[in-house]
Amino acid sequence: MPNPSTHRRSGSGTSPANTSGWSAWSDAWTRHVPILTGREDLSVTVAPDAAGGAAACFYPDARRIEIDATHIGDPDITDPYRAGHKRLVPTAYGLLVHEAAHATHSLWTTPPNTPPVVAAVADMLEESRVENRQRGRRRGDRKWLRHTITTLLDPGDAPVDDAWHAGNLAALLLARVDARIVTAKDIKGVRAAVTAVLGRKRLWQLRDVWREAHRVDDDDAASMIGLAWRWCHILGIDPLRRPTPPEVDPGEFAGQLAQALADYLARATGQTVTEYNASRKRYSAQAGWIHREPTEMERAAARHLAARLRRARTHQAEPDKRLSLTPPGRLLTRHAITAQAQIAAGAMPTASPWQRRAQLPPPKPNLNLGIIVDASFSMLPYTAPMSSAGWILAHAARSNQAVTTMIGFGSDVTLLVPPHRHPTHVLELGLGGGSTAFTDAVKLADQLLHLRQPGRLRMLAVVSDGELPDIDPAQRLITTLHRAGCPVLWLRPADLSGHTFADTTTLLVDDPIQAIEAIADAAVFALEHA
């Protein structure tokens, strides 16, 4: 879960360097914030990259609220001095209301020597408490606060199914039901996932805690800290023995908590879960990366691969039965009567009254193919060809009941080709420095393609030298996929030294073209033998 203290910070912070074009927004919202808070001593700064990396932030010492202008977009989208402007920027205005709630009601500070895990719980309980108070003072602010949830929460913040993260999700989402910000129907799936992890008894105990927190006075630090200690004990955490929040095992996949949260956020934004995961800004390409038109050679390669995939689906016909409008064959009486009735009614007959034996291709499952490409400096010769391969595979899969996605990893993860998309341009993969984000790339591929779920044809291809700083967690993720029935094809440059992972089919390739051919051959082979 996002640490709430990241948008309620001590000190005065650092003013954003780039405020060009946003002075009108800062001035308009500085004039407006006394209406939200009843305070005349607050200022508001709206600028790109404001709030220190968070969506919004309140600095009590500086008496300043900062809003990241990313959530507005263009400063000319509307006139911020007009009363109706908030309807065009509901998320950004909701963030302003949320920080105004902190400015008005978060009048306590964490006592010194408080264990960090206790302080983190107290900050999480504070989120729904201040929104409950703000709604109580200004009932109309509820609809704006609802818009902030999709910004303040992220499926990646519930990375594993354990008591700590289930409790965080309960504090930051389920507690907002009792604060009357969201409805019980909205978060039905999230409640089921949290209950499955915690159990009904512990969840009710936690609910008693957050409901009591909603009644705590704005300046009562002792009560908030006491409730946080009680929360930790319910979850089986001893802050004296383990003073810091539990760390996440990077070698473990996300579970039902992340899935339930993604389902909720996708519905809230009017998207499918796959579309929501693919649209998350944390996986967007960097600004300097190049989009170019595909070449004729790439278009021809996509057509050739599409034909190979089509043949792989139909290469071995099997005895079957086919319906027909005309003889020969066996007459199906019911279908014949239906066809006559359709003709008598003046409709085009759709029923097929004849059935004949035929040699037909057997039904094949959909192919879900993920490609992960190493964008570290050692893999420079492979970046351009693999960028081309991503475009080719996406277009070849388009008409062959296949879904592909390509993900680049370096120091960060970049989604190059989202699933179910047919890009019009080729995105040139840029170098990403190190290779620390491999585990995040594997987890993203699993989220997008459901690589651990049976019932479909799944495969993951990795193009990397295997020189990773987190080999043990990476191996556990690969082993999990292998045991779930998802084969992992690892393509390693022959001229580079590297690590060979267990539970993979590892091939040494002499050049990028050979790597691309190996991925295509593996996809065709998988379809032929499905």
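## Strands S9 and S10

Two strands count as paired if DSSP finds at least two bridges between them. Strand S9 (residues 402-409) and S10 meet that condition in this predicted model, being joined by four bridges and running antiparallel. One of the contacts involves Phe409, whose bridge partner in S10 is Val413.

Strand S10 covers residues 413-417, and five of its five residues are buried, which leaves the strand mostly covered. In general, side chains in a regular strand alternate between the two faces of the sheet.

## Overall composition

The protein chain holds 16 helices and 14 strands. Of its 530 residues, 51% are buried. Taken along the principal axes, a box of roughly 85 × 70 × 50 Å is filled by the C-alpha atoms of the protein chain.

Ile337 and Thr30 are 307 residues apart along the chain, and their C-alpha atoms are separated by 75 Å. Ile337 belongs to helix H12, which spans residues 333-344. Its relative accessible area is 56%, so Ile337 is classed as exposed, the cut-off being over 50%.

## Strands S1 and S3

Strand S1 (residues 43-47) is largely enclosed by the rest of the structure, because four of its five residues are buried. S1 pairs with strand S3 (residues 64-68) in the parallel sense, and the pairing extends over five bridges. Within this pair, Thr45 stands opposite Glu66 in S3.

## Salt bridges

A search of the whole structure gives 19 salt bridges. Side chains of opposite charge can pair when their charged atoms come close. Three of these bridges are described here, starting with Arg39 and Asp41, whose closest N and O atoms are 3.1 Å apart. Arg39 has a relative accessible area of 22% and is therefore partly exposed. Asp41 is also counted as partly exposed, at 38% relative accessibility.

Asp218 forms a salt bridge with Arg129, with 2.9 Å between the closest N and O atoms. This pair links distant parts of the chain, 89 residues apart: Asp218 is in the loop between helix H7 (200-213) and helix H8 (221-234), while Arg129 is in helix H3 (residues 116-137). Asp218 and Arg129 are both buried. They also take part in a network of salt bridges that links Glu126, Arg129, Arg133 and Asp218.

In a further salt bridge, the side chains of Glu428 and Arg292 meet at 2.5 Å, N to O. Here too the pair links distant parts of the chain, 136 residues apart, with Glu428 in the loop between strand S11 (426-427) and helix H14 (438-449) and Arg292 in strand S4 (residues 291-292). Their burial classes fall on either side of the 20% cut-off. Glu428 has a relative accessible area of 19%, so this residue is buried. Arg292 has a value of 22%, so this residue is partly exposed.

## Negative surface patch

Asp495, Asp510, Asp511 and Glu517 gather on the surface in a patch of negative charge. Among them, Glu517 is placed in helix H16, which runs over residues 512-528. Glu517 has a relative accessibility of 46% and therefore counts as partly exposed.

## Residues with positive phi

Most residues other than glycine have a negative phi. His420 has a positive value, with phi near 60°. His420 lies in the loop between S10 and S11, and at 56% relative accessibility this residue counts as exposed.

His450 also has a positive phi, near 55°. The place of His450 is the loop between H14 and strand S12 (457-463).

Technical notes
Residues are numbered from 1 along each chain as its sequence is written. This is a predicted model: local features need pLDDT of at least 70, side-chain atom pairs count only at pLDDT 80 or more; totals for chains, interfaces and linings use all residues. Side-chain values use heavy atoms; hydrogens and water are left out. Helices (H or I, at least four residues) and strands (E, at least two) are DSSP runs, numbered from the N terminus. Buried means under 20% relative accessible area, exposed over 50%, partly exposed in between (1.4 Å probe, protein chains only). Patches are made of residues with over 30% relative accessible area and no salt bridge: like charges are joined within 9 Å, nonpolar side chains (Val, Leu, Ile, Met, Phe, Trp, Tyr) within 5 Å. Accessible areas come from the Shrake-Rupley method with a 1.4 Å probe; for residues, only the protein chains shown count as cover. A salt bridge is a side-chain nitrogen of Lys or Arg within 4 Å of a carboxyl oxygen of Asp or Glu. Lys and Arg count as positive and Asp and Glu as negative; His and the chain ends are not counted. The place of a charge is taken as NZ of Lys, CZ of Arg, CG of Asp or CD of Glu.
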